[in-house]
4 protein chains.
Amino acid sequence: MTETLADFLDRLNHEIRLAGDWGSVADYIPELARVDPAQFGIAVALPDGRLLTAGDAETGFSIQSVSKVFSLAAVLGRIGEQLWLRVGREPSGDRFDSILLLEQEKGRPRNPFINAGALVVTDELLTGRTPRQALSELLGFIRAAAEDDAIHIDKAVARSEAETGHRNAALVHYLRSYGNLRNPPDHALGTYIHHCAIEMSCVQLARAGRFLAGLPDAPRMIAPRKVRRINALMMTCGQYDGSGNFAFRVGMPAKSGVGGGLLVIAPGKASIGIWSPGLDGWGNSLAGTLAAERLAEVTGWSVFG
Amino acid sequence: MTETLADFLDRLNHEIRLAGDWGSVADYIPELARVDPAQFGIAVALPDGRLLTAGDAETGFSIQSVSKVFSLAAVLGRIGEQLWLRVGREPSGDRFDSILLLEQEKGRPRNPFINAGALVVTDELLTGRTPRQALSELLGFIRAAAEDDAIHIDKAVARSEAETGHRNAALVHYLRSYGNLRNPPDHALGTYIHHCAIEMSCVQLARAGRFLAGLPDAPRMIAPRKVRRINALMMTCGQYDGSGNFAFRVGMPAKSGVGGGLLVIAPGKASIGIWSPGLDGWGNSLAGTLAAERLAEVTGWSVFG
Amino acid sequence: MTETLADFLDRLNHEIRLAGDWGSVADYIPELARVDPAQFGIAVALPDGRLLTAGDAETGFSIQSVSKVFSLAAVLGRIGEQLWLRVGREPSGDRFDSILLLEQEKGRPRNPFINAGALVVTDELLTGRTPRQALSELLGFIRAAAEDDAIHIDKAVARSEAETGHRNAALVHYLRSYGNLRNPPDHALGTYIHHCAIEMSCVQLARAGRFLAGLPDAPRMIAPRKVRRINALMMTCGQYDGSGNFAFRVGMPAKSGVGGGLLVIAPGKASIGIWSPGLDGWGNSLAGTLAAERLAEVTGWSVFG
Amino acid sequence: MTETLADFLDRLNHEIRLAGDWGSVADYIPELARVDPAQFGIAVALPDGRLLTAGDAETGFSIQSVSKVFSLAAVLGRIGEQLWLRVGREPSGDRFDSILLLEQEKGRPRNPFINAGALVVTDELLTGRTPRQALSELLGFIRAAAEDDAIHIDKAVARSEAETGHRNAALVHYLRSYGNLRNPPDHALGTYIHHCAIEMSCVQLARAGRFLAGLPDAPRMIAPRKVRRINALMMTCGQYDGSGNFAFRVGMPAKSGVGGGLLVIAPGKASIGIWSPGLDGWGNSLAGTLAAERLAEVTGWSVFG
């Protein structure tokens, strides 16, 4: 392209604001329901060390399910393949908080990105640790990946979710009933809710994802083979029952959160943090997904040719 | 790697034969049940025009569901996006011949690679054509892609499947009951059974897939944007309810058939035809999937970094 | 009650016509879609041989799924308990034409009153007989039960359903794919469609049901033990996924048809034929169900005390 | 019959002990897992005030889900029809502790006898009461129905279930997540576990069920119309996904519990308490169900003629 990437990001930011098609913020976590949907930010970390931004790229937001990528990476780095005895690797074809498949599959969640699977990952994170230690370790992992010690947990969001997260409470008890939870249900649930409540900006997210894109300046967090596998899981399962559609439109591994955050990986080329809090019908950022699609078109970063 | 790709393919061929872990051939199509499982072939088409082979790379086999990639390409080339009104783009999380989701989703198949979705694609292929014309057009498309006019339909396999394919007969009537079939059920079913009965060798398959890998010497069959989308669908849905596992282990878009064939695409790098008729529990080639995994490790062709 | 039963039936007839809440006629069988919904008839056969009627009790209608009671009785009379190897005895909790459970339960229909189960019963009916012979035998059974040789098949309805019954065609092929159909799919389907197209009036239906109520003047069709079992199946499964609600409101075994017919059995007390072609959301006669509920209240014929 | 009912019960008791086909005791509640399966008792309350017994008819056992009949009666007596806004009246076709349907039906349990439905009934029981008050009121209801103040809660069983009942904990949180639980989840769960832990003997159970059979000497607990409806629900849903089979074999409304208890109602004729702790594959008493079937054959008490 003759237009520089920096110029494109500015243009994208303006176009999205002009279009004003923001979707609706998640309403089941009161603290998130108050966020103004008319916000958009993007940050792109490149192999040459540059970090391009546009819009609200420095604004902190609740990363929610994007945190599942980091907890999975931390657990895979520690215990490796034996995780797959407890959780599958297939797209679920179902909503992120579905309990249906869990019953059909006797308590083994379909993949680590639906809530039930992420709760099992959190349970692994707790092995030999108190909830406080496990959270501290995970936060340390993310801070190291982003090389930014300012990243922290938003306690108000955690509190807000703890009061209303009955669906996740059901999942954790259900996992326990199948013997697929080793720690007390409230420990697993509390740790999960807190790591979902981590607050980051697009800039911090793009930097934290560099190790997944294999960028030269990324701190080495886990083995390249494990990186590839996490990217594969993001491609097939990262957007829940909208994953096929996202792969079709964008063609890059990505993980969304109901806070409107989106971590997109262009292997070897870029780590991208996007945020816009309004969601589409699958619970993924509406403007964020559109931005990722536009970026893929302009840059040719789709992994599919 | 210091070992050349040609040497690696020879070594892979020997290792797979030594291991002798072949799986079982499909037993529900009598004509396929007679095939000796202890066979393996691989062919790799490269950007420089070379075509490397090992094992039974010239032996013809029934491509079965691999044909769904070509019928999808032919239909997308002709009618484009409106196909997605009739069929979805999400992994199904269910067996290739499941009728469950079809009921839950009111007759709109989850994706074009499960049988129900492929029957809808075939129905589009029949628009304005007789079954004979539609088949001739599809065969023409594949011959043009492979630049090989010897590719043909194995009538004995088609006959064998017609006598026993009650599940597909159920699907086609079921689609009709939801108004998602325009042609007479027996036309759609007959055309589908015949295009699944196309016989190809690994060499022919690798050559026919070059347009999906975007190789320089490939005939231009459809627009690059559509190629990317077909690759995305192969990644998320190409191996049915084993797609997540395949993406995790291999990291390349691919489509399998119960005849044991496997078309694997490394965008920009290679088009790969693999065949070994013994299947794993998901109905995908056992040795073929292993070969794809080994190839990805050695070449670094995974799209995930 | 001081009001006689005959007077009550007249009052009921007037009240239902005054209320004018008729529901909608089945629209998926063109021939039935033309019937005027504003019709109501009732006939009550009593132990003393009297037959009380009100409204359109002599008008013929398509009995549709009510015929499943008679085909079940004929088959149980002939082969007995071995039928239960091929079909279950549990309420389905699903629509009458659902294919979902059939897949979950590997081709063994949940009960003989959902379409899939009735098709298996029809398949048994065909053992050693041509479709013509089987239909003739079933019609003979019904005529003998009603002691009325005027009962016949409405060929126009059968033709109408044959042209549009793609759902049943799917079911029959699906049963075949699981090996739970012995006769050619089109034989089973054709015989089924024709026995559903039998035309009867309320009077004929009430008379044909006397053997299920154990009325003294009923011809003995099958053993009392089998009668009890058919009544039990009507109670738990006779109104599809509205069976629980019907048992709750009416408290008598019954079988409905989408033609608006309803056969209700008060064991030892009465055999009741009701007809009103407009249906409720479960596909059962709206006014017919209301009439059965009112009759149960007034007579105390509920089996539940 | 020439044999008296008392003689038949003795013979039945001996035959069941001779056969020695006891099934397995429930293993998921540790306190119940210790019970010796080789026990059997039966008590039959008759309209003339007699109470016939055989076997271990005076031995106390944990009534478990049989208690759901009494909590439903107590709630229907108090609030009436509005309960049906929160819970359905259809057989579930699923296991007693399934969470599947709850998701498909957006948190409205299919009927009041599956665990999810009984938890909603318990939630109603708690309206305006503390758990202690609600339990005291329910116990009072049962004692009044049986005219026996010795009936009590087995605290050890309640404690045992509280420690292991993760599935019910999941259900209660899940109901809450759909807004179909008004009280704190642990209140509803605790009250439910305690009323399931009520201990009764066959004699006490038969006496407590007299109001459902409409026996002359029964205390009047609720209106006859409500009695009929509870009997209807027991017939269609009382044995979970084995209800159709039970209706087919026995033909009387009944409710089972995993403690091996069975309350069977012959409207106008008898209230029957049966107990044998070994269970069949549906979680219903194996010998108890057989005894009910034999009793129905000999007495002709089937409601189906």
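Predicted model: local features only at pLDDT ≥ 70, side-chain atom pairs only at ≥ 80, totals over all residues.
Modeller: Residues are numbered from 1 along each chain as its sequence is written, chains are lettered from A and ligands numbered from 1 in the order in which they are written, and side-chain values use heavy atoms, with hydrogens and water left out.

Colleague: Why is D:Leu205 called buried?

Modeller: Buried means under 20% relative accessible area, exposed means over 50%, and partly exposed lies in between, with a 1.4 Å probe and protein chains only. D:Leu205 has 0% relative accessibility and therefore counts as buried. This residue lies in helix α10 (residues 202-208) of chain D; helices are DSSP runs of H or I with at least four residues, strands are runs of E with at least two, and both are numbered from the N terminus.

Colleague: Which residues are in contact with D:Leu205, leaving aside its neighbours within four places in sequence?

Modeller: Contact means heavy atoms within 4.5 Å. By that criterion D:Leu205 meets D:Phe61, D:Val66, D:Phe70, D:Met200, D:Leu262, D:Leu263, D:Ser271 and D:Gly273. As for D:Val258, 53 residues apart from D:Leu205 along the chain, the two C-alpha atoms are separated by 15 Å.

Colleague: What is said of chain A and chain C, and of chain B and chain D?

Modeller: Chain A and chain C do not touch, and their nearest C-alpha atoms are 11 Å apart. No contact joins chain B and chain D either, with the closest C-alpha atoms 11 Å apart.

Colleague: What makes strand β1 of chain B mostly covered?

Modeller: Five of the five residues in β1(B) (residues 41-45) are buried. In a regular strand the side chains alternate between the two faces of the sheet. Here B:Gly41, B:Ala43 and B:Ala45 are buried on one side, and B:Ile42 and B:Val44 are buried on the other.

Colleague: Which strands pair with β1(B), and over how many bridges?

Modeller: Two strands pair if DSSP finds at least two bridges between them. β1(B) is joined to β2(B) (residues 51-55) by five bridges, antiparallel, and B:Ile42 stands opposite B:Ala54, as B:Gly41 does opposite B:Gly55. The pairing of β1(B) with β8(B) (residues 270-275) is also antiparallel, over five bridges, with B:Ala43 opposite B:Gly273. β1(B) and β2(B) form a hairpin with five residues between them, and B:Gly49 in the turn has a positive phi of about 90°.

Colleague: Why is one side of β2 and of β6 in chain B left without a neighbour in the sheet?

Modeller: Five strands form an open antiparallel sheet in the order β2-β1-β8-β7-β6 (chain B). β2 and β6 (254-256) stand at the edges, each with a single partner strand, so one side of each has no neighbour in the sheet. The twist averages 10° from one strand to the next.

Colleague: Which strands form the sheet of three in chain B?

Modeller: That open sheet has the order β3-β5-β4, with antiparallel pairing. β3 (61-62) and β4 (152-153) are at its edges, each with a single partner strand, so one side of each is left without a neighbour. Two bridges join β3(B) to β5(B) (residues 198-200), and B:Phe61 stands opposite B:Met200.

Colleague: Why is α6(B) called roughly parallel to α9(B)?

Modeller: Axes are lines fitted to C-alpha atoms, for helices over the stretch in contact, and angles run from 0 to 180 degrees between N-to-C directions. Angles under 35 degrees count as roughly parallel, over 145 as roughly antiparallel, 65 to 115 as roughly perpendicular and the rest as oblique. α6(B) (residues 131-146) and α9(B) (residues 185-196) pack at about 30°, with axes 10 Å apart. That angle makes the pair roughly parallel.

Colleague: Which residues of α6(B) and α9(B) meet?

Modeller: B:Pro131, B:Ala134, B:Leu135 and B:Leu138 in α6(B) meet B:His187, B:Thr191, B:His194 and B:His195 in α9(B). The contact divides into four nonpolar, four polar and no charged residues; Ala, Val, Leu, Ile, Met, Phe, Trp, Tyr, Cys and Pro count as nonpolar, Asp, Glu, Lys and Arg as charged, and the others, Gly among them, as polar.
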